[in-house]
Amino acid sequence: MNYLNFGIIRKNKKFLYEEIKGNLYDEYMLSRYFKDIFILENFKKKKAEELIDISKAIHHKKDLKFNLINYFLILSNSNLKFYEFGATILEKYFYFKIFDRILKKKISSKILYSGVEISKKFQFFIKFFHNKINHNISRKFKREFVKNSIFYSKGVSILYEPKNSKILKDIFRYSNAGFLDISICKNNKKVKLATGYKLHYLTKKNLLEILNQDKNKEYYLVNKSIIKDRIYLEILYGKKKILQNFFSLFFKFKNQLSKKCQKSIGIDMQFINASE
């Protein structure tokens, strides 16, 4: 069980209006992502430099960078198939609409959005809120939708899955390219969160086995940091031709921006080829 509080702050003092108890993690996350959708849908600007305004407003700044990477990967692929492990409420569709407008493309409404979402409430939202876009979101992994797609997973989504090592092997094998951020540990580890969910951490050995299984794909480190006993990684991978196309599109976009804008929206990073 967890809880949500709502109240006001007056003269630096908190006054509680209502406290709700229950299994409320989905409600908490839904409110954050719905707020992002509202911000994105009401963003009408057409210049790339103005993406700074989004990075300041959304609940997680990295979402802008991650979805830019996803967008350029989709443009680089031979089809418009996108597969996400942890689809939440498909807020990336609204990012893609903005990128369409800035780059004068029209792909956001043509993409097949597939993936896994374990929350029944998020699935309900997707079904009734996104009835104008093509999607196939399920509670369980479906290999057939991964084939030749662009894959994406953010944060702890893939760590909720007890069989994540096996599923990631299939994803890296059958997808054409993708991007994920993931935390790994020295040893296989399970951690129960206050939300009630369990995290199932991979080891460095597990991850390297997954990444190196397909010699026709390359992978790049985009970010790395060590937090206590965990290593946080941002990884780009894919078939060589797709990644060549990606880098061409990505750097063309990046180089038209000021250094300040690149840093503000989080795309001032380096891509380190770790497959060599």
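Which helix gives the most to the lining of the second largest pocket? Helix 7 does, with 3 residues. This is a predicted model: local features need pLDDT of at least 70, side-chain atom pairs count only at pLDDT 80 or more, and totals for chains, interfaces and linings use all residues. Residues are numbered from 1 along each chain as its sequence is written, and side-chain values use heavy atoms, with hydrogens and water left out.

**Salt bridges**

- A salt bridge is a side-chain nitrogen of Lys or Arg within 4 Å of a carboxyl oxygen of Asp or Glu. The count is 11 salt bridges.
- Lys-121 and Glu-27 form a salt bridge, at 2.6 Å from N to O. Lys-121 lies in helix 5 (residues 120-129) and Glu-27 in helix 1 (residues 25-41), so the pair ties together parts that are 94 residues apart in sequence. Helices (H or I, at least four residues) and strands (E, at least two) are DSSP runs, numbered from the N terminus.
- Lys-121 is partly exposed at 40% relative accessibility, and Glu-27 is partly exposed at 30%. Buried means under 20% relative accessible area, exposed over 50%, and partly exposed in between (1.4 Å probe, protein chains only).
- Lys-92 pairs with Glu-84 in a salt bridge, with the closest N and O atoms 2.7 Å apart. Lys-92 is buried at 1% relative accessibility, and Glu-84 is buried at 3%.
- Lys-92 also meets Glu-91 in a salt bridge, at 2.9 Å from N to O. Both Lys-92 and Glu-91 are buried.
- A network of salt bridges links Lys-62, Lys-65 and Glu-234.

**Cysteines**

- The structure holds 0 disulfides, a disulfide being a pair of cysteine sulfur atoms within 2.5 Å.
- Cys-185 is buried at 5% relative accessibility. Cys-261 is buried at 0%.

**Pockets**

- On a 1 Å grid over the protein atoms alone, a pocket is an open set of points where a 1.4 Å probe fits, with protein on both sides within 12 Å along at least five of seven lines; lining residues have an atom within 4 Å of a point.
- The largest pocket holds about 650 Å³ of space, a volume being the space filled by probe spheres set on the points.
- Its lining has 32 residues, with Tyr-25, Met-29, Tyr-33, Val-156 and Ser-157 nearest the centre. Helix 1 gives the most to this lining, with 5 residues.
- The second largest pocket has a volume of about 300 Å³. It is lined by 17 residues, and those closest to its centre are Phe-85, Glu-161, Pro-162, Lys-163 and Ile-167.
- Helix 7 (164-174) and strand 9 (198-203) each give two or more residues to the lining of the second largest pocket.
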